Amino acid sequence: MSKKLTFDSVAEVQAYAAKDADRVIFIVKNGVYDVTEYLPNHPGGPTPLVMAKATDATKAFADADHPDNAVMQMEDYRIGTVKKAATPKPASSAGPAKLLIAVAVVAVAGFFAIKALKK
Ligand code: HEM
């Protein structure tokens, strides 16, 4: 894994990850990581890493509040870089969040509408 790969988009990373479905590959910021060998050693357990498979895990990684040594350790698993600027937001990360917000707004509006009607 000495030669680093360069990807033009998140979709390109996902296509690469899909070719080798047994491996756990994800993105954090502009780095592409293959943590297949790290799974049994991750202090947070293998589950969050497997869940992050083939996604942009930047937010999940940040949410776990990793210490600096974790960030340094990551370099060992870096297989490449992705130029995200050229990428439209992948539906997989933006879609569900937006949908959730939309559902929440409709639910709140519905709640107040029903309350108003009952008066
Ligand atoms: C190569 C990538 C990664 C490395 C080297 C790494 C390393 C670590 C380390 C060292 C810890 C222990 C933190 C501590 O001592 O407080 C940790 C915890 C954790 N990590 Fe990672 N991590 C990686 C990727 C990820 C990703 C992508 C996620 C989520 C999608 C994640 C989720 C977590 C969680 C949930 C914990 C537990 C936090 C807690 O117990 O409070 N990690 N990780």
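Author: Before we start, helices here are DSSP runs of H or I with at least four residues, strands are E runs of at least two, and both are numbered from the N terminus. This is a predicted model, where local features need pLDDT of at least 70, side-chain atom pairs count only at pLDDT 80 or more, and totals for chains, interfaces and linings use all residues. Residues are numbered from 1 along each chain as its sequence is written.

Reader: Fine. How many helices and strands does the protein chain have, then?

Author: There are five helices and four strands in the protein chain. Reading from the N terminus, the order of elements is β-α-β-β-α-α-α-β-α.

Reader: OK, the sheet. What's the strand order?

Author: It's β1-β4-β3-β2, an open sheet of four strands with mixed pairing. Two strands count as paired if DSSP finds at least two bridges between them.

Reader: Which strands stand at the edges?

Author: β1 (5–7) and β2 (25–28) do, and each has a single partner strand, so one side of each has no neighbour in the sheet. On average, neighbouring strands are turned by 30° against each other, direction ignored. For that, axes are lines fitted to C-alpha atoms (for helices over the stretch in contact), and angles run from 0 to 180 degrees between N-to-C directions.

Reader: Which pairs are parallel or antiparallel?

Author: β1 and β4 (residues 78–82) pair in the parallel sense, over three bridges. There, Leu5 has Gly80 as its bridge partner, and Thr6 is opposite Thr81. β3 and β4 are antiparallel, again with three bridges. In that pairing Val32 faces Gly80, while Gly31 faces Thr81.

Reader: And how many bridges join β2 to β3?

Author: Four, running antiparallel, with β3 covering residues 31–34. Ile25 stands opposite Asp34 in that pair. β2 and β3 make a hairpin with two residues between them, and Lys29 in the turn has a positive phi of about 55°.

Reader: Switching to packing. How much of the chain is buried?

Author: Buried residues are 13% of the 119 in the protein chain. A residue is buried if 20 or more other C-beta atoms lie within 10 Å of its own, exposed if 12 or fewer, and partly exposed in between, with C-beta atoms placed from the backbone.

Reader: What's in the largest nonpolar core?

Author: It has 15 residues, and Val13, Phe26, Ile27, Val32 and Val82 have the most contacts inside it. Such a core is a set of buried Ala, Val, Leu, Ile, Met, Phe, Trp, Tyr and Cys residues joined through C-beta atoms within 7 Å. α1 (10–19), β2 and β3 each give two or more residues to this core, and β2 has the largest share, with three.

Reader: What does Ile27 touch?

Author: Leaving out residues up to four places away in sequence, Ile27 touches Val10, Val13, Val32, Asp56, Ala57, Thr58 and Val82. Contact means that the C-beta atoms, placed from the backbone, lie within 7 Å. Of the chain's contacts with a separation of 6 or more, 74% link residues 24 or more positions apart.

Reader: Back to α1. Is Glu12 exposed or partly exposed?

Author: Glu12, which lies in α1, is partly exposed because it has 17 C-beta neighbours inside 10 Å.

How values were computed
Contact = placed C-beta atoms within 7 Å.
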